Each structure stands twice: as structure tokens, then as C-alpha cells.
Amino acid sequence: MHPPLTLHRHPMCAEIIEQFQKCHSDHPIAKFFGECTELKIKLDRCFRQEVSLLKALKRKANFEQSKKLKERLQALRKE
């Protein structure tokens, strides 16, 4: 199962989403027998990469925020 396939929420995977949706519309019956499986696998990999990238960015932002907070607390302790 995958998240909702909206292009604005997954800009990194937009091209694969479009290909996957086109495959489903072009092959309404064959999609049940594995016609679009390769695109589904690519889509799942893209979503995993997207999530790991977002986590890394969030982790970096949290680290920077905590660094600033620690510096501010140290400055207050010195006073």
C-alpha cells in the first residue's frame, strides 16, 4: 500500500507517479496481473528515499535549533 498519489505532496517522485497512474489507466485489467509492478517497486523506493531525506533535513534542523538553545542557556548561566 502506498500513500495518496498527489503530485504536490511528493515532488521528488512526481515523474514516477505520473507513469504509474498512466500504466493503471492504460491497462485497467492487466494491472491486476502485474503489468505495473515494476513502476510500483520504483515508486516504493522513491517514497522511502523521500522519507529518509525529509528525516535527515528535520534531524539537521532540530540539531541546529538545539545548538542555539544550548548557546543561549550557557550565555544566561554566565550572567
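1. A disulfide is a pair of cysteine sulfur atoms within 2.5 Å. By this rule, the chain holds two disulfides.

2. Before going further, a word on what you are looking at: this is a predicted model, where local features need pLDDT of at least 70, side-chain atom pairs count only at pLDDT 80 or more, and totals for chains, interfaces and linings use all residues. Residues are numbered from 1 along each chain as its sequence is written, and side-chain values use heavy atoms, leaving out hydrogens and water.

3. Start with Cys13 and Cys46, whose sulfur atoms sit 2.0 Å apart in a disulfide. The torsion about their S-S bond is about -100 degrees, so this disulfide is left-handed. The pair links distant parts of the chain, 33 residues apart: Cys13 lies in the segment before α1 (14-26), and Cys46 in helix α2 (residues 37-78). Helices here are DSSP runs of H or I, at least four residues, numbered from the N terminus.

4. Are these two cysteines buried or exposed? Cys13 is buried, at a relative accessible area of 0%, and Cys46 is buried too, at 7%. Buried means under 20% relative accessible area, exposed over 50%, and partly exposed in between (1.4 Å probe, protein chains only).

5. Now turn to Cys23 and Cys36, which form a disulfide with sulfur atoms 2.0 Å apart. With a torsion of about -95 degrees about the S-S bond, this disulfide is left-handed. Cys23 belongs to helix α1 and Cys36 to the loop between α1 and α2, so the pair links distant parts of the chain, 13 residues apart. Both Cys23 and Cys36 are buried.

6. Finally, how are the bonded cysteines paired along the chain? Counted in that way, the disulfides follow the pattern 1-4, 2-3.

Notes
Helix = DSSP H or I, 4+ residues; strand = E, 2+ residues; numbered from the N terminus.
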